[in-house]
Amino acid sequence: MDRRRFLEITSLMLAGGTSALASAREAQAESAPIRIGLLAPLTGVVAAGGKEIVNGFTMFWDSIGNQVGGRKVEIIVEDDASNPDTALQKARRLVEQGKVDMLFGNLLANTGLAVANYVKGNGEPYFIPVIAADTLTQGGRIPNVIRAGGYTASQFSRPLADWALKQGYKKVATVSQDYTFGHEQCGGFAQTFTEGGGEILLQLWHPLNTSDFSPYLGQLSSLGVDAIFAMETGADSARLIQQYTNFGLKGQIPLLGAQNATDQSVIRTMGAECEGIVTSAQFAEGADLPATQAFVKAYSAKFGKIPSLYAFSHYVGAMWVAKAIETIGGKVDDRKLFLETVLKTDLPNSPLGKPVHFDAYGNPVYDVFIRKVVKNADGKYWNVPVDTYPQVSQFWKYDPATYMKQPAYSRDFQGIKKR
Amino acid sequence: MSTPLVSALPPVDRAAPTKRVLVWLCIVLAALLALPLLLPGYQISIATQILIFSILAMSIDILAGFVGRTPLGHGAIFGVSTYVVIYWTASLGGSLWVGMGLGILAATLLAAVFALLAIRTSGVYFLLLTLALGMIVWGVCLRSTGITGGENGLRGIGRPGFLVDHVHFYYAILLVTVPVTWIIWRFVHSPFGLTMRGIRESESRMRSLGYNVPLHLFLAFVASGFVAGIAGALYAVFNDFVSPSTVQLSQSVSALLMAITGGVGTLFGAFVGATAIILLENVVSVFTARWPSVLGLTFVLIMIFAPEGIVGRARILLAKRRRRS
């Protein structure tokens with residue numbers, strides 16, 4: 001590029017920039033933008049998921065021109081570094097310095113719980129499409145924390161247990177990561193399965209980031225169970241599925257999993273070893289529903305991969321809240337009205353493909369898919385629904401008040417019915 | 001112990017700080033007092049955090065700077081105090097002040113246990129042993145889900161009413177920090193502190209002079225743990241949340257880095273180090289998601305160009321200038 005051309009381009013860009021700035025200023029004069037703080041782990045152990053949170057979230061706002069209820073939308077992304085203390089610090093900065101109207105995001109339960117405790121004190125609206133800790137929409141409910149697009153850990157493993165009973169499975173063993181999220185997902189399965197007449201023969205708990213599953217798989221193979229339920233996330237899930245095949249268990253004992261076990265973030269790099277695993281979730285990327293396929297196509301075209309749990313739940317969460325903002329004509333400053341409206345908002349047309357609404361505790365009620373991993377037309381593996389449980393709430397078939405009296409799930413309490 | 005400690009004390013070290021130092025201290029103190037007038041709400045909470053971590057960094061400096069033992073387990077001692085305070089107030093419904101007392105006590109006792117195991121070693125072995133002990137604490141906090149809430153941690157009940165305001169809370173923390181700093185300063189400049197420095201210079205010589213070296217090491221470690229406990233209890237009130245990340249290795253490492261950045265053995269360097277690191281974290285992360293890399297690079301540069309730390313380097317430069325003039 002010669003000097004003249006450089007000058008031309010630079011002056012053009014400058015002119016364009018100033019006029020863009022001027023028009024932005026005009027818009028601001030009409031009404032200040034709605035500021036949304038997004039907390040995502042862009043560094044640390046779950047950075048890959050954090051990136052997808054940002055992708056899914058911004059993709060939705062871009063799709064409506066970053067404008068809702070007559071106001072512009074401004075998104076401020078902060079890195080929570082996969083660490084609750086950092087998350088807390090960043091949340092403080094967004095609220096106290098950034099003056100955001102609401103917070104969104106976080107991936108790891110402990111980061112979400114830390115931020116939730118912070119907003120408990122100041123009433124800042126906080127939406128958690130991934131944070132699944134049971135307590136947040138049960139016993140430890142905070143009115144301004146709403147699980148838009150998210151789910152409680154034990155919510156989806158219950159229909160899966162029911163489905164397993166219907167398949168005639170009588171004896172099941174579980175293998176799970178040894179932390180609260182695992183205890184909760186596993187607990188939902190164990191409780192429903194045993195109350196329905198099934199039997200849990202063995203529960204194995206392994207530390208996060210287990211590289212060698214052979215000691216666990218060895219124990220599981222000789223038990224004579226009808227199926228194995230695996231609660232795994234991320235790299236642990238990939239390793240377990242891999243080694244399940246290597247040790248020849250695949251094809252012998254059916255493998256069931258909690259939602260995260262066969263999420264796209266895990267299986268997108270895998271081959272045939274993940275085929276046939278059955279899990280349950282509110283979303284199945286392979287569902288033959290127009291809204292779902294339109295979303296999957298658009299996301300894949302933009303980011304070159306099929307959306308994972310992190311991406312679609314933030315897309316849905318954003319969509320949900322945006323609809324509420326539209327209803328109240330952009331008046332998010334009236335927090336009480338805003339939060340009430342969000343809870344009353346139903347979402348009929350989201351990528352989930354089925355209508356959803358909130359229960360009285362700020363947790364969505366979903367049609368839950370029982371999904372199986374199969375190969376699609378492009379040769380990639382994805383989750384396809386094989387059965388649907390309509391209108392599953394976080395309390396399954398229990399009365400909420402009675403349910404919340406039982407202790408929280410832990411290693412020691414799995415709700416297993418004694419016989 | 002029969003050794004009369006005072007006997008070994010040269011008079012210069014007992015001398016009160018010079019006038020020049022006193023003037024400087026007054027200026028710094030006035031600046032700290034005036035800070036809330038200059039900074040908006042959020043920055044004040046950052047300043048509060050800096051004060052709390054300065055106390056933690058000073059506790060490390062007691063060991064690293066004055067007895068020459070670099071610990072890597074102080075995050076655990078600090079965090080145990082935080083855990084106890086939050087468990088006492090949130091899970092047992094006890095009073096915050098009692099909780100803070102218990103937290104500091106727990107940290108001191110834990111430091112005593114650490115000390116019994118670690119004082120036999122020095123150098124890299126001391127580093128590794130304290131690291132391992134810290135990891136045990138982390139593991140216990142992570143695994144005993146019933147008490148600590150496991151990975152999810154414990155949520156506090158919020159600050160008492162008069163401390164909710166950021167400015168009030170800042171002054172409250174300052175009100176603790178100043179006397180604590182003064183006590184530590186007295187401690188390391190006491191006859192006992194002098195013995196500590198003697199041990200740092202030559203353990204064998206101190207032993208042959210008749211000092212009970214293990215006892216001195218033990219007491220120094222416990223005192224250091226006590227101070228870390230104070231920082232931990234304050235952090236509980238500040239953060240209102242605790243999870244295994246508060247006791248994990250990275251906490252120990254970052255506190256040690258604060259001490260090193262400020263200058264080991266300078267005591268007040270802890271304030272400079274904590275300020276530098278916390279500010280860097282907060283400022284750099286505004287501009288880039290790669291802020292941990294920037295932080296890492298900064299440490300490397302400090303280690304190459306100012307291994308004595310910022311305050312240590314400044315002292316050397318000042319001394320050179322004074323000698324020249």
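User: What makes a salt bridge here?
Analyst: A side-chain nitrogen of Lys or Arg must lie within 4 Å of a carboxyl oxygen of Asp or Glu. This is a predicted model: local features need pLDDT of at least 70, side-chain atom pairs count only at pLDDT 80 or more, and totals for chains, interfaces and linings use all residues. Residues are numbered from 1 along each chain as its sequence is written, and side-chain values use heavy atoms, without hydrogens and water.

User: Why is the pair Asp178(A) and Arg143(B) called a salt bridge?
Analyst: Their closest N and O atoms are 3.3 Å apart. The cut-off is 4 Å, so the pair qualifies. The count between chain A and chain B is one.

User: How do you know which residues of chain A and chain B are in contact?
Analyst: Contact means heavy atoms within 4.5 Å. By that rule, 33 residues of chain A touch 32 residues of chain B.

User: What area do chain A and chain B bury between them?
Analyst: Buried area is the accessible area (1.4 Å probe) that two parts lose on being put together, summed over both. Here that comes to about 2500 Å², with 44% on carbon and sulfur atoms. Asp85(A), Gln89(A) and Arg93(A) supply 22% of the area that chain A buries against chain B, more than any other three residues.

User: Why do S2(A) and S3(A) count as paired?
Analyst: Strands (E, at least two residues) are DSSP runs, numbered from the N terminus. Two strands pair if DSSP finds at least two bridges between them. Two bridges join S2(A) to S3(A), so they pair, and they run antiparallel. In S3(A), Arg71(A) is the bridge partner of Val68(A).

Terms used:
Chains are lettered from A and ligands numbered from 1 in the order in which they are written. Helices (H or I, at least four residues) and strands (E, at least two) are DSSP runs, numbered from the N terminus.
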